[in-house]
Amino acid sequence: MSNILNTIAEYTAERYKKITALKPLEIIKKEALSLPAGNFEFEKALKKEELSFICEVKKASPSKGIIAKDFPYLKIALEYEKAGASCISCLTEPKWFLGSDEYLKEISQKVSIPVLRKDFTISEYQIYESKLLGASAVLLICALLDEKTIEKYIKICDSLGISALVEAHNEAEIKSAVSAGARIIGVNNRNLKDFSVDVNNSSKYRKLIPENVIFVSESGISSHRDIEALAENKTDAVLIGETLMKAEDKSKMLAELKYGCSGKTKIKFCGLRRAQDIDYANRLMPDFIGFILSPGYRRSIDEKTAAALKERLAKGIKTVGVFVNDDISKINYFAESGIIDLVQLHGDESPSCCEKINVPVIKAFKCNEEISQKIKEYDTAFFLFDSGTGSGKAFDWKNIPKTNKPFFLAGGISEQNAAAAVKNIRPYAVDISTSVETNGFKDYYKMKKLTEMIRYE
């Protein structure tokens, strides 16, 4: 394969001769500088303790041809955002990647996370143009630009408040990027001269990049194993395109890459009791939320509070009323009033008691040696397996009995074991409460992290 990079760069130069003839540099520069300066949102989004994900919207590539025949670019970008992407990368190169400036413009207007303009920058004109299109960052490729030019272009980006992702492929290019003052350096695992891929390429150059510089691994990343290896090598972020674009369910694939789990398990957050708890749920859209409706527990709420919280809750999230040895008439009252959609029973309720409840029942059991025989007596819609009544403590999952009935897994589900629960146990849903709290109250960021790890369908 010939040097594709130079061919694309030559085509880009010809393309911009026509563009600048219609709108000269002086005009687009003035327009870009008249806009409010950005706040370097792109690099801020990548400065996290955990590995950040830049998810790419791409229709085609020179090496693979058409990647996505059906290309609802805006829907894809919104799906990435909902699935927990840190940033979005959007291809705008029109010939080999079938990109478009309009894709970038529309995406940047609709998503709340930063967007990188992925193109072949050969002139300062493109940087000012990127600002007008709504980009929070631009790509600068060392193989196309010398050190002085990169330094100049970074300063232009700084004047606009946008970031520069400086891409390198070898030791000399990395040194050039560092000398030019790059704050974000991406090492491409794809050789842009012949488009061959070596996913280990970025790792072997990590030591050349200062720790105060954001280090991004780009291209060829296709598995959770790749992600684990990069994280161990102190990679700050990954840029992933083809793997996500080829996935039918991009949310599920992102969950698989991040956490090594399939994303089939549903989520229930239990013990919600404040308006802000409901607002958190509305943003994250779990499948279920739980109200503790028996008195005397730390997270217990009364009927008036439950009704107000239900009214605030987004459609599509089902409410579960949690009871412990309560009167059947009380339970059915909550069900018939519309406050709850399901009932979860955590006491010594008998099989006949469960049959008298007018909505689907989740019967909770403490996992012990007697559990296998006991569950045969019950014909509820779901089971729930726990270490005790809302104990918040994990138990030995080997004690989970064999059953064909869908079940909720509770008891200490946290960041440390959620992926293993989804991957190995395959519960219908996980029931989470204590592990997503800080100082006894629900914590949005903990809820968000677990939502991303588990990924519901």
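Student: Is Ser294 buried or exposed?

Tutor: Ser294 counts as buried, because its relative accessibility is 3%, where buried means under 20% relative accessible area, exposed over 50% and partly exposed in between, with a 1.4 Å probe and protein chains only. This is a predicted model, in which local features need pLDDT of at least 70 and side-chain atom pairs count only at pLDDT 80 or more, whereas totals for chains, interfaces and linings use all residues. Residues are numbered from 1 along each chain as its sequence is written, and side-chain values use heavy atoms, with hydrogens and water left out.

Student: And what does Ser294 touch, leaving out residues up to four places away in sequence?

Tutor: Ser294 touches Ser300, Val322, Phe323, Val324, Asp326 and Lys330, contact being heavy atoms within 4.5 Å.

Student: OK, new topic: how many aromatic pairs are there in the whole structure?

Tutor: A search of the whole structure finds 19 aromatic pairs, counting rings of Phe, Tyr and Trp (its six-membered ring) whose centres lie within 6.5 Å, with planes under 30 degrees apart taken as stacked, over 60 as edge-to-face and the rest as tilted. One of them is the edge-to-face pair of Phe365 and Phe383, at 5.4 Å centre to centre and 85 degrees between the planes.

Student: Where do Phe365 and Phe383 lie?

Tutor: Phe365 lies in strand β15 (residues 361-366) and Phe383 in strand β16 (residues 382-386), so the pair ties together parts 18 residues apart in sequence; strands (E, at least two residues) are DSSP runs, numbered from the N terminus.

Student: Which cluster includes Phe365?

Tutor: Ring pairs link Phe365 with Tyr378, Phe383, Phe385 and Phe407 into a cluster.

Note on methods
Helices (H or I, at least four residues) and strands (E, at least two) are DSSP runs, numbered from the N terminus.
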